[in-house]
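Trainee: Could you walk me through this chain before I start working on it?
Mentor: Gladly; have a look at it first, and then ask whatever comes to mind.

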Amino acid sequence: MEHVTIQEASYRLNLSQSEIRRYIREGRLKATRQGGPRDRTWMVELPEENWLDDDKARYHEMASGMPLWWWPVESRTGSIHYIVDVGIEETVPVFLCGLESENLWAVHDEISEDKCCSACIQRVKDEGLPLGLD
């Protein structure tokens, strides 16, 4: 495990230094004091790659309830696409086939495989993802 200063942990985990300190106090991040008697500093053990802070955990929880298939255009024409990510700060949808869109629009009709992007369908099958066409 890599150990870094609180400031570096803040940068690497994209959290404020006060949040890093709170996670240390709560035992959710490990830290130790290092250095001599005059210049001791806290060194934070960076967590595993899949570690989530509170905000990211809430974001993932909300995302798990979202539909998987969306329109990439407001006119709701063409194929619907499997959503991979919509971003946290701004809505920048990235679809499984690699298509990026300026926004996304909900599919209100019943979803059938013939309405879906064929590249998205293939990637869903290749990666063993839930098809979400129920």
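What follows is a conversation about a predicted model.

Trainee: How many helices and strands are there in the chain?
Mentor: The chain has four helices and seven strands, and, read from the N terminus on, its elements run β-α-α-β-β-α-β-β-β-β-α.

Trainee: And is the chain spread out or compact, going by its radius of gyration?
Mentor: The radius of gyration is 21 Å, well over the 14 Å that the globule rule gives for 134 residues, so the chain is more spread out than a compact globule. Along the principal axes, its C-alpha trace spans about 70 × 30 × 20 Å.

Trainee: What percentage of the residues count as buried?
Mentor: Of the 134 residues, 28% count as buried. The accessible surface of the chain comes to about 9200 Å², and carbon and sulfur atoms account for 47% of that surface.

Trainee: Let's go to helix 1. Which of its residues are buried?
Mentor: In helix 1, which covers residues 6-13, the buried residues are Ile 6, Ala 9, Ser 10 and Leu 13. Viewed down the axis of helix 1, these buried residues fall within an arc of 105 degrees, so they line one face of the helix. Gln 7 and Tyr 11 are exposed on the other side of helix 1, and the helix is followed by Asn 14, whose phi is positive, near 60 degrees.

Trainee: What about helix 2, which residues are buried there?
Mentor: Helix 2, residues 17-25, has Ile 20, Tyr 23 and Ile 24 as its buried residues. They cover an arc of only 105 degrees around the axis, which puts them on the same side of helix 2. Just after helix 2 comes Gly 27, with a positive phi of about 80 degrees.

Trainee: Switching to strands, how does strand 3 pair with strand 1?
Mentor: Strand 1, residues 3-5, and strand 3, residues 41-45, run antiparallel and are joined by three bridges; the bridge partner of His 3 in strand 3 is Glu 45. Strand 3 also pairs in the antiparallel sense with strand 2, residues 30-34, over five bridges, and there Thr 32 stands opposite Met 43.

Trainee: How many residues lie between strand 2 and strand 3 in their hairpin?
Mentor: Six residues lie between the two strands of that hairpin, and Gly 35 in the turn has a positive phi of about 110 degrees.

Trainee: Now the inside. Which residues have the most contacts within the largest nonpolar core?
Mentor: That core has 13 residues, and those with the most contacts inside it are Trp 69, Ile 80, Tyr 82, Ile 111, Cys 116 and Cys 120. Strand 4 (69-71) and helix 4 (118-127) each supply at least two residues of this core, and the largest share, three residues, comes from helix 4. Apart from this core lies another one, of 11 residues, among them Leu 13, Leu 15, Ile 24 and Leu 29.

Trainee: What is Cys 116 in contact with?
Mentor: Leaving aside neighbours within four places in sequence, Cys 116 is in contact with Trp 69, Ser 79, Ile 80, Ile 111, Ile 121 and Leu 133.

Trainee: Ile 121 is on that list. Is Ile 121 buried or exposed?
Mentor: Ile 121, whose place is in helix 4, has a relative accessible area of 6%; a residue counts as buried under 20%, so Ile 121 is buried. Not counting residues up to four places away in sequence, Ile 121 touches Trp 69, Glu 113, Cys 116 and Leu 131. The C-alpha atoms of Ile 121 and Leu 96 are separated by 8.8 Å, and these two residues are 25 apart along the chain.

Trainee: Last one: what share of the contacts between residues at least 6 apart in sequence join residues at least 24 apart?
Mentor: For the chain, that share is 47%.

Definitions and conventions
Residues are numbered from 1 along each chain as its sequence is written. This is a predicted model: local features need pLDDT of at least 70, side-chain atom pairs count only at pLDDT 80 or more; totals for chains, interfaces and linings use all residues. Side-chain values use heavy atoms; hydrogens and water are left out. Buried means under 20% relative accessible area, exposed over 50%, partly exposed in between (1.4 Å probe, protein chains only). The arc is that of the directions from the helix axis to the C-beta atoms. The radius of gyration is taken over C-alpha atoms; the globule rule is 2.2 Å times the number of residues to the power 0.38. Contact means heavy atoms within 4.5 Å. Accessible areas come from the Shrake-Rupley method with a 1.4 Å probe; for residues, only the protein chains shown count as cover. A nonpolar core is a set of buried Ala, Val, Leu, Ile, Met, Phe, Trp, Tyr and Cys residues joined through side-chain atoms within 4.5 Å. Two strands pair if DSSP finds at least two bridges between them.
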